[in-house]
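I wrote them down in the order in which I looked things up.

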Amino acid sequence: MAKRGWRRQFDDPIELPDGRVLVTLHDAASYIQKLSKAEHDLPHWQTAVEHLIYGAERAPAWMFFARVAFMQALHHGEPVLPAEPRKRPVKAYKIRR
């Protein structure tokens, strides 16, 4: 029988920067509850909480959105892609009409 509610497991566990791994919705919710009040009340963490609740109360398809929202909150403010210089210059092209 598939696990339900807060015992649902993420398809891919979430690895935290300190090396710990979050496997279930309960693990992720516990992590957020341990944040300071100031950090917990930030909009990106509130969005993550909302999606975790949806994941626990609704269809298993919400697990994907819960994981994405948690990952976005966890890495909030970090650059999306590393700022690496291009290895080759970009070619210039002319558009002919």
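I began with L42, which I found in the loop between α2 and α3. The model is a predicted one, and I keep that in mind for every entry here. I then looked across to A73, which is 31 residues away from L42 along the chain, and the two C-alpha atoms are separated by 9.2 Å.

Next I turned to V68, which lies in helix α4. Its relative accessibility is 32%, and V68 therefore counts as partly exposed. For this residue I also looked up the distance to R20, 48 residues apart from V68 along the chain, and the C-alpha separation is 18 Å.

**The chain as a whole**

I stepped back to the overall layout, where I counted 4 helices and 2 strands in the protein chain. Along the sequence they follow the pattern β-β-α-α-α-α. The radius of gyration is 19 Å, whereas the globule rule gives 13 Å for 97 residues, so I noted the chain as more spread out than a compact globule. Taken along the principal axes, the C-alpha atoms fill a box of roughly 60 × 35 × 25 Å. Of the 97 residues in the protein chain, 28% are buried. I also looked at contacts between residues at least 6 apart in sequence, and 46% of these join residues at least 24 apart.

**A residue in a strand**

Is T24 buried or exposed? I placed T24 in strand β2, and its relative accessibility of 13% is under the 20% limit, so T24 counts as buried. When I left aside the neighbours within four places in sequence, I found T24 in contact with W6, R7, R8, Q9 and F10.

**Helix α1 and what covers it**

I went on to helix α1, which spans residues 25–33, and listed its buried residues as L25, A28, A29, S30, Y31 and I32. What covers these buried residues includes the strands β1 (9–15) and β2 (21–24), together with the helices α2 (37–40), α3 and α4. I took the last two of these partners one at a time.

For α4, residues 62–74, I found that its axis and that of α1 come within 12 Å and cross at roughly 30 degrees. That angle is under 35 degrees, so α1 is roughly parallel to α4. The crossing of these two helices is left-handed. On the α1 side the contact is made by L25, A28, Y31 and I32, and on the α4 side by M63, A66, F70 and L74. Sorted by class, this contact of α1 with α4 has 8 nonpolar residues, no polar ones and no charged ones.

For α3, residues 43–57, I noted an angle of about 155 degrees with α1, with the two axes 10 Å apart. Because that is over 145 degrees, α1 and α3 are roughly antiparallel to each other. α1 passes α3 in a left-handed crossing. Here α1 contributes L25, A28, A29, Y31 and I32 to the contact, while α3 contributes W45, A48, V49, L52, G55 and A56.

**Helix α3 against helix α4**

From α3 the contact draws on H44, W45, T47, A48, H51, L52, Y54 and G55, and from α4 on W62, M63, F65, A66, A69, F70, A73 and L74. I sorted the residues of this contact of α3 with α4 as well, and they divide into 12 nonpolar, 4 polar and no charged.

Definitions and conventions. Residues numbered from 1 in each chain as written. Predicted model: local features only at pLDDT ≥ 70, side-chain atom pairs only at ≥ 80, totals over all residues. Heavy atoms only, no water. Axes fitted to C-alpha atoms, helices over the stretch in contact; angles between N-to-C directions. Parallel < 35°, antiparallel > 145°, perpendicular 65-115°, else oblique. Left-handed = near helix turned anticlockwise from the far one by under 90°. Contact = heavy atoms within 4.5 Å. Nonpolar A, V, L, I, M, F, W, Y, C, P; charged D, E, K, R; others polar. Buried < 20%, exposed > 50% of the residue type's maximum accessible area, 1.4 Å probe, protein only. Rg over C-alpha atoms; globule rule 2.2 N^0.38 Å.
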